[in-house]
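Colleague: Could you take a close look at one part of this model for me, the packing between helices? I'd like the geometry and the residues that make it up.

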Amino acid sequence: MASLSERADALEHDMAMELERKVAEIQPIRSALYVSGEYDPASPRHDLFDALAAGKRFLMGPDPRIPAMPARPTLQDFFRMRFGNTQHVLQSAKLARDAGHEDKIVLACLLHDISVSGFINGDHGYWAAALVEPYVDEEVSWAIRAHQVLRFFPDPDVGYEYPEAYIKYFGPDFTPEPYVHEAYKLFKAHKYYMTGRLITMNDHYAFDPNVRVELEEFEDLIARNFRQPEEGLGFDHSPSAHMWRTISMPTRAL
Ligand SMILES: [Fe+2]
Ligand SMILES: [Fe+2]
């Protein structure tokens, strides 16, 4: 008789084989956005034609290589199963809460970089704001949108300086393009400016590898301030439902 651990190993082996088989038959799709640069975006995708010629079909559902989402996924499910490196946003939210800020600010900090950890890097503030807009107070999504641009601009009145990390990331000679300066002017004059600025101030010091913050510490805050759709994120037909579905099924063909 096989021992428990032998049976567990056999099961794991079977599952791995099943996954291999599925991926051999079905071609997951990396969107044009993700292969641009590897491929000239204006050229045809030979990898896809090659896959079809080899008898594969295109994937039209969840990717078997990544964890299966529940039928009605919540924000927390996305945090645990689709977002990488959530410590940065969790630590930012903790900083804001420890500083005594109200729920709106803490939530904005908790969500400000979810696009970087789970969706798209470029213009991540705008994408994150669009993702959460139907489910949060307008001040929260406004601040998330603005934080990306506000990060580049010091505000001596509140003691915010250009991040040292940015000198390391982008080099000492980097200057944002004119459209970023234009956006800054608009954001600076807005009634919610300080909410966006507070994200940047709690963002600044939140890269401590020795601190570990758990999502559970924010369950109450999320329950009070994030309107989880009953149908699950992705299935409520909100203006951002399609974006949550894309995060859930990132390699679906159409
Ligand atoms: Fe950010
Ligand atoms: Fe950040």
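Modeller: Helices here are DSSP runs of H or I, at least four residues, numbered from the N terminus; axes are lines fitted to C-alpha atoms over the stretch in contact, with angles from 0 to 180 degrees between N-to-C directions. The crossing of α6 and α12 is right-handed, meaning the near helix is turned clockwise from the far one by less than a right angle. Lys 104, Ile 105, Ala 108 and Cys 109 of α6 meet Thr 195, Leu 198, Ile 199 and Asn 202 of α12, a contact being C-beta atoms, placed from the backbone, within 7 Å. By class, that contact of α6 with α12 has five nonpolar, two polar and one charged residues (nonpolar: Ala, Val, Leu, Ile, Met, Phe, Trp, Tyr, Cys, Pro; charged: Asp, Glu, Lys, Arg; polar: the others, Gly among them).

Now for α5. The axes of helix α5 (residues 87-98) and α6 come within 7 Å and cross at roughly 165°, so the two are roughly antiparallel. This crossing is right-handed. On α5, Val 89, Ser 92, Ala 93, Ala 96 and Arg 97 make the contact, with Ile 105, Val 106, Cys 109, Leu 110 and Leu 111 on α6.

Bear in mind that this is a predicted model: local features need pLDDT of at least 70, side-chain atom pairs count only at pLDDT 80 or more, and totals for chains, interfaces and linings use all residues. Residues are numbered from 1 along each chain as its sequence is written, while chains are lettered from A and ligands numbered from 1 in the order in which they are written.

Terms used. Contact = placed C-beta atoms within 7 Å. Parallel < 35°, antiparallel > 145°, perpendicular 65-115°, else oblique.
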